[in-house]
Amino acid sequence: MYRDRTCGELRLEDKGKKVTLAGWVQKNRKMGGMTFLDLRDRYGVTQVVFNSSINPELFQAANTLGREYVVEITGEVAERENKNPNLPTGDIEIIAEDLKVLNKSEIPPFTIEDNTDGGDDLRMKYRYLDLRRPSVKKNLELRHKMAFEIRRYLDANGFLEIETPILVKSTPEGARDFVVPSRMNPGEFYALPQSPQLFKQLLMVSGFDRYFQIAKCFRDEDLRADRQPEFTQIDCEMSFVRQEDVIDMFEGLVKHIFKYVKDIDFTEPFPRMTWKEAMEKYGSDKPDIRFGMEFVDLTDLAQGKGFSVVDDAELTIGIRVPGCASYSRKQIDELTEFVKRPQVGAKGLIWLKVESDGSIKSSVGKFYTDTQLKEWVDRMGAVPGDLILVMTGDAMKTRKQMSELRLEMGNRLGLRDKNVFAPLWVIDFPLFEWDEETQRYYAMHHPFTSPNPDDIPKLKSDTGNVRATAYDIVVNGNELGGGSIRIHDPELQNEMFELLGFTPEKAKEQFGFLMDAFRYGAPPHGGLALGFDRFVSILAGLDSIRDVIAFPKNNSGRDVMNESPSPLDPAQLDELKLEIKPILH
């Protein structure tokens, strides 16, 4: 071994011991006849002292060391005169007796410190250097510990970890697949799995009644901060269960991990909210309930007063922002510009201020009397000092636009504290969603989601209002995971395929192996998948899952470090019997 101790373990009780450390040079400070070197490894930082009066040659050698040199140092543990309370090793230092340079380093392109001077693109290009930073390292350590604890919890509850294939059949009804050409079967392709959905259902047919896998999944989607083309989920399935059984099991897991990582005890059951209620109150199926500002319907009060923007609208809703009547015109104009951004897509914003004396100022005063606006204020439950923000238009679009504004106000007012956690379950999702472009229904989750038993008679007569036996767990406005009870009855599954526009031949082509399996006694089953990257990032207080993934892609799906994706060599294309069509500009 090049070391007998790490750079994070020595303490004052080790004083007088002779030790050997190895690591990277974090800093090298020359102070007259002494040089102080901070030596870093995965475990921490230890200060090393080189004294010209004790060993001039060693002192000279230490002065040649640059940042990120890899060195081995032997010396005696001593008590520091100027202790550093910010370091676990801050009470001691090593009086160097020997130094070996194991490898030199070029000057790194950014400082390897928590407060680095490197931008995102630069750090991603040199990710192997970025991973040396303590803050990034800490995220991966958290990920590791959570993975082990999740495995322990599920093992204790009778789950088996079973791997499923990575090269699978391409199936529709989801995001785009990443496809892989088969050299041995020219003209045919595998797909990378968007999830292990079909295989975990087959495992239930096989009698493995409690399965889990910390599984790699792949989706060819447009990216954002909380999305990557390849991601990891805690994938689980159970047999002989109903919705309550699945929710109870995985609420227990989530509570256990919050206690393990954050020492937070959730003693009460997580609240439940139907999808319909979430959309009407928050405009989102993943509402952030750390703060209020629930939507209030003002449609009946606002219409019929000669204001065409409102009269022609399907819905008019408002939120009450406590204590913000003091907002200046400039601040309100900023909010108006915010909702007009393409990402939000609104045409404008209506506002009312309830002044300290109870009087009302409004952007729509010429269309409404003071008495009429007072009705708005009363319905909103507003009091002197409050600001009311109102949006109007198509119902679904307006709710989503107001949701963005509500979250923006939560950010501005500091109501979205990353150290406060508010989990909930969203249930009773629609089974189908209608697509105007193709004029057909699609499965909101996937084609194997079971309808609510009470709604099965409505499958053909009232398709759009059939509820799914599906559930999402949401934390702080993030969908942590979701699942459903699956269809295990072949006849009901065939009816589902028919409603989704599959011919019997197409259903057989895509899902024949699953339907064949169901002929041999499929048990009732259901499951859930938690986004592992997202779970780690929430507990680490991060906005992006990229910082909990060792080697992530950027927002264009590119790995700027290894420069992928990249063109294939023509010989490889020939071997795969593939030809690349030219890109037309």
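Aspartate 155 sits in helix α4, where helices are DSSP runs of H or I with at least four residues, numbered from the N terminus. Aspartate 155 is exposed, with a relative accessible area of 55%; exposed means over 50%, buried under 20% and partly exposed in between, using a 1.4 Å probe and protein chains only. Its C-alpha lies 9.6 Å from that of arginine 210, 55 residues apart along the chain.

This is a predicted model, where local features need pLDDT of at least 70, side-chain atom pairs count only at pLDDT 80 or more, and totals for chains, interfaces and linings use all residues. Residues are numbered from 1 along each chain as its sequence is written, and side-chain values use heavy atoms, with hydrogens and water left out.

Now for the helix itself. α4 covers residues 134-156 and reaches 33 Å from first C-alpha to last, close to the 33 Å expected at 1.5 Å a residue (1.5 Å times one less than the number of residues). Following α4 comes glycine 158, with a positive phi near 85 degrees.

What about its buried side? Among the buried residues of α4 are Val136, Leu142, Met146 and Tyr153. The buried residues pack against α3, β9, β10, α6 and α15, with contact meaning heavy atoms within 4.5 Å.

Take α15: the two helices pack at about 120 degrees, axes 10 Å apart. That makes α4 oblique to α15, since angles under 35 degrees count as roughly parallel, over 145 as roughly antiparallel, 65 to 115 as roughly perpendicular and the rest as oblique. Residues meeting there include Arg143 and Ile150 from α4, and Phe535 and Leu539 from α15.

Technical notes. Axes fitted to C-alpha atoms, helices over the stretch in contact; angles between N-to-C directions.
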